[in-house]
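Have the viewer open as you read.

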Amino acid sequence: MRFRFCPECGSPCTERQIGDEGLIPFCDGCSRPWFEMFSTCVLSVVIGRDGRRLLIRQSYGDTARYVGVAGYMKCGETAEQAAAREIAEETGIAVSGVRLLFSAWHAPRGQLMLCFAAFAEGEALTLSGEVAEGKWFTQEEAEAAVRPGSIIAQLVKALKNL
Ligand SMILES: [Zn+2]
């Protein structure tokens with residue numbers, strides 16, 4: 001999102017050259033630039049101790065597809081904390097660690113996706129209301145269960161290189 005008005009004082013922004021960044025919306029009243037804003041989301045596939053991959057179906061939106069555990073980051077937390085928090089909230093799984101594998105720009109929603117492998121401490125699921133089903137897959141089954149070309153498909157493929 002490119003700012004047209006200052007989110008602090010509401011004045012119209014002007015465009016100002018900011019170093020190497022190019023023309024950036026600038027509030028003369030607050031004397032500061034407002035760089036483009038976007039949401040950062042975490043997307044994880046949980047890996048069980050037996051090596052199986054946990055995918056979920058959501059209870060809203062596209063309920064037919066298996067996806068990873070995703071959510072928005074909160075102010076003040078690290079991406080690793082956000083990934084572990086979302087996994088605990090949606091599946092009840094505690095993770096012993098998470099590893100960032102890559103990031104991807106999700107153009108349809110203008111979001112940066114940070115894609116994680118997460119390592120489960122147990123496999124008992126306690127699903128939130130946002131989750132219709134959680135299911136453990138082999139690597140091959142997981143590759144077949146996700147939508148081809150999607151970011152979750154890239155993430156599942158990347159698990160092979162762990
Ligand atoms: Zn302002």
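## The zinc site

A donor here is an N, O or S atom within 2.8 Å of the metal (3.2 Å for Na, K and Ca), and since water is not among the atoms, sites may look incomplete. This is a predicted model, where local features need pLDDT of at least 70 and side-chain atom pairs count only at pLDDT 80 or more, while totals for chains, interfaces and linings use all residues. Residues are numbered from 1 along each chain as its sequence is written, and side-chain values use heavy atoms, with hydrogens and water left out.

The zinc ion gets its protein donors from the SG atoms of Cys6, Cys9, Cys27 and Cys30, lying 2.3 Å from it. Angles among the four donor atoms run from 103 to 113°, making the site tetrahedral (for four donors, all angles between 85 and 135 degrees). For reference, the ideal angle for four tetrahedral donors is 109.5 degrees.

## Along the chain

The donors' spacing reads C-x2-C-x17-C-x2-C. Cys6 sits in the segment before β1 (14-17) and Cys30 in the loop between β2 (23-27) and β3 (32-33), so the pair ties together parts 24 residues apart in sequence. Strands are DSSP runs of E, at least two residues, and helices runs of H or I, at least four, numbered from the N terminus.

Cys6 is buried, at 3% relative accessible area, while Cys30 is partly exposed at 33% (buried is under 20%, exposed over 50%, partly exposed in between, with a 1.4 Å probe and protein chains only).

Key:
Four donors count as tetrahedral if all angles lie between 85 and 135 degrees; four count as square planar and six as octahedral if opposite donors are over 155 degrees apart and all others between 65 and 115; anything else is irregular.
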